[in-house]
Amino acid sequence: MFKGNKVLQPEDLDKINDIIEKLKVQTKALVILVVDDTGQLIANTESDPSIDPILLGTLTAGNFGATNELAKLIGEADFTLVLHEGNKENIHMLAIGECGILVVIFNNTTPIGLIRMYSQKTTKELLPILEKMQQEKEKKKTDLPSDEDLNNLFNW
Amino acid sequence: MTMINYAKKEIICKVVYYGPGLCGKTTNLKFIYDNIMGQYKGKMIALATESERTLFFDFLPLDFGKIKNFNAKFQLYTVPGQAYYTNSRKLILKGADGVVFVADSQTDRFEENKESLKDLAVNLREQGLDIRKIPLVLQWNKRDLPNIVPIQTLEETLNFRKVPTFEAVAAKGIGVFETLKTIVKMVFVSLGGQG
Amino acid sequence: MKLSQIGGRIEEINHKINDFIAEVQALCAIVCDMGGEILTTQGDTGMLDFVNIAAMAAGSFATTKGIANLLGQKEFSLLFHQGTKNNILISNIENFSIIIIVFDNNSILGVVKQKTTELKDQLKVVFEDIVKGQGIIIKKAKIFEERGPAAQPAAEPAKKEPEKKPEEKPQEKPKDGKKKFDFDSLMVDDLDDLF
């Protein structure tokens, strides 16, 4: 039996792809990514071949993770919304529950309000699919070492 | 967390190189990047300061090609070693399938190795992972330097699980691929449910 | 920029930051180097964990710069993160340092942004002056290092058909009729060919 694996079935990836392609049309976004909470790229829309989606996924997940930590450090439960404004492209990131991140890269022709609205709708559609992927995860939280266990292990 | 993607026929695993500051984690990744055959590697990212110290993580995706119809992909990460980056280390460990602990063999770094190993145990636990069970390899790095701790002492102190260990000089590539190969195998074995 | 390089000029820097805080009614401001090491903190330092805030801000900044790089954009000069009560704004002062402003909803975002830009300009002048006076060369922080080329298509599937190891356990039956990855057929020995 696997321990804590995520499994992505072809039909689920098809669903995710359909959802983000729809979002791409709605928002005229340049590229859309779905990244899981560990930085793993799950799906992305077709884009400029010079943009490496795996690297982009890793960096956005790292960025999102750092920002969420920052939020906790200044007493916010979480920032579900992260927005970076550049001079040409903007990045909008939104958490998909606790399972992943929806990343939308868009240029200044699309109003941010539109991105925000459609992103929120999209994350709701994506959440059940990503949750299904994660189900195996629940099994692993058992039997973690106690403080005493660790002290015994590293009994220097 | 291993992702098994039936749609793309991929299996993706995450391995984190952990250890005290300046122990050689990034050096390991750079050597792998520079010396592994082109078809197996993607682009490497190093998020480092001007003095080339890792400030968040390094990332190197490896693609071992098809193994029984599945594309076996490994993503190698390093963490920043200095104490005050503890939150970053915690973040990077999320979903790790295996850990390489790189110890600095120098005598005056001995205590830092111990601290870092304990830090690893605590941070793994925060991510729901168990240092007693996760695939783990220890690397005794910088064996070419003077004033180093004897292997036996390192084994007795740090190798609490009797996991595979390798002597290394990462800057010259000694022990780097042996370490990688072993952690990759251990992760695969653990996926089979026997680890 | 390191604290040791700033030396006696820190008073002047603190003074400018304090004026800024009073003007925009920010909660506090942190200036750290590109790696997240704190140079100064001002304002209501209350219970905030500045060391970790600076380290995470540096991580956030570095990854953002990496993303900008990937997109062929120079950089995202201002990062704004909105919470329900507290907000945070992160920006860089050239390659000298990172400035982090924490403010709540008593401040007006537009004013904070505008005044931050002014403060950055003032601090830049001080930093440049320090550099000139001491003959320090600030290397451009190597925040993002992308080591190409990109991966080529995956290797050919291994030609040899691995034999099944007799000692391996038979695979557990999949539940719910779902497909499961056939780990038993994955021979870790295949990996030997790769290195």
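In the hairpin that strand 1 and strand 2 of chain C form, five residues lie between the strands, and C:Gly36 takes a positive phi near 95°. The model is predicted, so that local features need pLDDT of at least 70 and side-chain atom pairs count only at pLDDT 80 or more, while totals for chains, interfaces and linings use all residues. Residues are numbered from 1 along each chain as its sequence is written, chains are lettered from A and ligands numbered from 1 in the order in which they are written, and side-chain values use heavy atoms, with hydrogens and water left out.

Strand 1 (residues 28–32) and strand 2 (residues 38–43) of chain C run antiparallel and are joined by five bridges, two strands being paired if DSSP finds at least two bridges between them; C:Cys32 has C:Ile38 of strand 2 as its bridge partner. Strand 1 of chain C also pairs with strand 5 (residues 97–104) of chain C, in the antiparallel sense and over five bridges, with C:Val31 standing opposite C:Ile99.

Five of the five residues of strand 1 of chain C are buried (under 20% relative accessible area, with a 1.4 Å probe and protein chains only). Both faces are covered, with C:Cys28, C:Ile30 and C:Cys32 on one side and C:Ala29 and C:Val31 on the other.

In chain A, A:Glu21 is found in helix 1 (residues 10–27), where helices are DSSP runs (H or I) of at least four residues and strands are runs (E) of at least two.

Key. Buried < 20%, exposed > 50% of the residue type's maximum accessible area, 1.4 Å probe, protein only.
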